[in-house]
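I am opening a notebook page on this structure and will write down what I look up, step by step.

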Amino acid sequence: MLAVVGPNGAGKSTLLKGLVGEIPCLDGAILRGVPREAVAYLPQADEIDRSFPLSVLDLASMGLWRRAGAWRSLGRSRGAVLDALGAVGLSGFEGRAIGTLSGGQFQRVLFARLILQDAAVILLDEPFTGIDARTVDDLVGLIGRWHAQGRTVVAALHDFAQVRAHFPRTLLIAREPVAWGPTETVLTPQNLARAARLSEAWDEAAAVCARGHDHAPAEPATVQGTVQETVHGHDHGHDHGHAHDQGHAHEGHAHAGHRHGSAA
């Protein structure tokens, strides 16, 4: 149960998309040793075209894609789809067009799709944005049950109250790792202020640092270690709840005209 937080533009969505393979790494690797089929990904809801003529049943059934393929009929799997919709409170909605759903109802369908994927690692990008409080409570309960089943859940979030209430560990990023560890030691005023400074200093137009550059910091390896240890459930006895100050002389002055070659 890891929350990924940071200022707008910090790289939260980029990190999740890098993990799932939607964005290639400029250098190195983020996720190794975990097969792609073991990872389920929920993008931000506004990235999905809700005008496409799909029914609730059609959209939820896409969670069976890896098992059923493009041409196999749902057949006996229809019952599993209906059970998944029931688990998110949408029994009787299977014939509704997705374009007629409220924001909360649509997010429930996407969670039903995740249920059917039956993945060991679940990546969620802003899963609670723009939905009602009751739906948030129901989906948080579902996430808690996934975790109790031994699944890894990594969620990009912006609501610190939700993070503190439901996620015991947090990764704070601002284009690079700022702090990682127990949530109460990560979400401190000092760490949040440092993340804000790093985000403001980012130069989008600067050149990418090449590996081996004299000024290239080691953050890509830190990100890799963070995610791999989270995915595999290993802590190795480390407490990364402190800010990762690695001698960055460039903090606060637009990163000295360069940017890091990491997915985050």
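I began with burial and found that 47% of the 264 residues of the protein chain count as buried, keeping in mind that this is a predicted model. For the surface, I noted that the accessible area of the protein chain comes to about 12,600 Å², with 52% of that area belonging to carbon and sulfur atoms.

Next I looked up the secondary structure, which for the protein chain comes to 10 helices and eight strands. I then turned to the contacts between residues at least 6 apart in sequence, and noted that 76% of them join residues at least 24 apart.

How many aromatic pairs does a search of the whole structure find? I noted one aromatic pair, formed by phenylalanine 111 and tryptophan 146, which are stacked with 5.7 Å from centre to centre and 5° between the planes. I placed phenylalanine 111 in helix H5 (residues 103–117) and tryptophan 146 in helix H6 (residues 133–148), so the pair ties together parts that are 35 residues apart in sequence.

My last entry concerns a charge and a ring: I found arginine 50 lying over the face of phenylalanine 106, at 4.5 Å from the ring centre.

How values were computed: Residues numbered from 1 in each chain as written. Predicted model: local features only at pLDDT ≥ 70, side-chain atom pairs only at ≥ 80, totals over all residues. Heavy atoms only, no water. Helix = DSSP H or I, 4+ residues; strand = E, 2+ residues; numbered from the N terminus. Buried < 20%, exposed > 50% of the residue type's maximum accessible area, 1.4 Å probe, protein only. Contact = heavy atoms within 4.5 Å. Areas by Shrake-Rupley, 256 points an atom, 1.4 Å probe, with all protein chains shown as cover. Phe/Tyr/Trp six-rings, centres within 6.5 Å; stacked < 30°, edge-to-face > 60°. Lys NZ or Arg CZ within 6 Å of the ring centre and 35° of its normal.
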